[in-house]
Amino acid sequence: MSTAKGIVILTGANGGLGSAIVKQLADSKFASFHTVYTVRDANRTPELVPDAAHDVVSLDLTDLDNVRQVAKDINARVSAGKIPPIRALILNAGFQDFGKQSWTKQGLDTTFATNHLDHWLLTLLLLKSMDKVTGRIVVLGSQSHDPHDPRNKSGRAFVDPKYQTIVTDADRFHAIAKGAWSPATEDAGFRGGYRRYGAAKLFQTMMQHELQARLDADPDPNLHKLCVVGVDPGPMATGMQRLAPWVIRVLFFKVVFPMMAYLSPSRAFLNSTSRAAGDVLGSGEGSAEEEEEEGAALPKDGYFQNGVPMETSEESRDGAKRALVWRETVKLTGLKEGETALVNWK
């Protein structure tokens, strides 16, 4: 039987931000927790060596079957008491193709699958193992989810009016899912890839809002205290740029942006992975007052950047559009009765 206070699950633990989160976990409130680090291939991450305090698990967020298997294994271990319930599920893993579009074995756009679909399925499956009193789900957001965010102006990815509204109907959703919306065949550069990334991040932000609403309304009172929050880490130099052209990967992120950040250290131009990791862990922890006061309400469905509350895009807050995206996501994942603790999952 496990004696740890709870579990922290971190997806993308070997990426730039993921590695920074791993380093800070030991100095956070989660120091005494069991941690589960998920990476694409556990055999290729020698720096993350499994021990009694944590596991390293291979999780392929382009493969729905693998997501199901990983979730099944974690749920079984929690149910058997081998590891405690999940205190924080941090959906950190991400992918941006920078124009090098690719597809999963299920025929879905890799950007869509990695950032939204498979994370959505993982979350719904793991609700069975969440700590029902203090459990939190942390969603990593992005300014790209909002075509009207002023920070997106310089990239000019959303200048064309046809890209300023992302969700219109089910056909549009499935076009994005299959990579037929803003495809590389029409725009093979950074902008096409950024739009696909932004659409996936919009769906992920919609998941945050919609999941919290469904948890709050669920007939199972054990789910009512679960808290879903979003964190926009801001622009950072990480492994996310590995597919970017040299100008973006090296000149912008390693020369221009750091210089601008030095001259104006407000995180407006470039955030450090260390500071962003602190923001993510802070959102996963909750305040000391909340944890000390039994039954205190957790701050639900907040979205933060640099620790400051922000409002997400108008589309992400549209209830009808959120319901549409949720419904079509259920269809793509093939979620079935009994696979999730959420009663109102359809």
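S102 has a relative accessibility of 26%, so this residue counts as partly exposed; the class lies between buried, under 20% relative accessible area, and exposed, over 50% (1.4 Å probe, protein chains only). The model is predicted: local features need pLDDT of at least 70, side-chain atom pairs count only at pLDDT 80 or more, and totals for chains, interfaces and linings use all residues. Residues are numbered from 1 along each chain as its sequence is written, and side-chain values use heavy atoms, with hydrogens and water left out.

S102 sits in the loop between strand 4 (86-91) and helix 3. Helices (H or I, at least four residues) and strands (E, at least two) are DSSP runs, numbered from the N terminus. Residues up to four places away in sequence aside, S102 touches F95, L108, D109 and T110. Contact here means heavy atoms within 4.5 Å. G179 is 77 residues from S102 in sequence, yet the two C-alpha atoms are 8.4 Å apart in space.

The protein as a whole has 9 helices and 8 strands. It has 346 residues, and 54% of them are buried. Among contacts with a separation of 6 or more, 73% join residues 24 or more positions apart.

Beyond its neighbours within four places in sequence, N75 is in contact with L125, L126, K128 and S129. P85 lies 10 residues from N75 in sequence and 8.9 Å away in space, C-alpha to C-alpha.

Aromatic rings were examined next. Rings of Phe, Tyr and Trp (its six-membered ring) pair if their centres lie within 6.5 Å; planes under 30 degrees apart count as stacked, over 60 as edge-to-face and the rest as tilted. The whole structure holds 9 aromatic pairs. One of them joins F30 and F33, with 5.2 Å from centre to centre and 85° between the planes, an edge-to-face arrangement. Both F30 and F33 are buried. Another pair is formed by W120 and W326: their ring centres are 5.0 Å apart and their planes stand at 75°, so this pair is also edge-to-face. W120 lies in helix 3 (residues 110-126) and W326 in helix 9 (residues 319-333), so the pair ties together parts that are 206 residues apart in sequence. W120 is buried because its relative accessibility is 1%. W326 is buried as well, at 2%. Elsewhere, F98, F158, F190 and Y194 make up one aromatic cluster.

A charged side chain also meets a ring. R195 lies over the face of Y163, 3.9 Å from the ring centre. A charge sits over a ring if NZ of Lys or CZ of Arg is within 6 Å of the ring centre and within 35 degrees of the ring normal.

Axes are lines fitted to C-alpha atoms, for helices over the stretch in contact, and angles run from 0 to 180 degrees between N-to-C directions. Helix 3 and helix 9 have axes 11 Å apart and pack at an angle of about 85°. Helix 3 is therefore roughly perpendicular to helix 9. Angles of 65 to 115 degrees count as roughly perpendicular, those under 35 as roughly parallel, those over 145 as roughly antiparallel and the rest as oblique. Helix 3 brings F112, H116, L117, W120, L121 and L124 to the contact, while helix 9 brings V325, W326, T329, V330, L332 and T333. This contact has 9 nonpolar, 3 polar and no charged residues. Ala, Val, Leu, Ile, Met, Phe, Trp, Tyr, Cys and Pro count as nonpolar, Asp, Glu, Lys and Arg as charged, and the others, Gly among them, as polar.

Helix 5 packs against helix 9 at an angle of about 100°, with the axes 9 Å apart. These two helices are thus roughly perpendicular. In helix 5, F203, M206, H209, E210, L211, A213 and R214 meet K321, R322, A323, V325 and W326 of helix 9. The contact of helix 5 with helix 9 holds 7 nonpolar, 1 polar and 4 charged residues.

Two loop residues have a positive phi. For S182, which is not glycine, phi is near 50°. S182 is placed in the loop between helix 4 (170-177) and helix 5 (190-217), and is buried at 3% relative accessibility. For N306, phi is near 55°. N306 lies in the loop between strand 7 (303-305) and strand 8 (308-309), and is partly exposed at 28%.
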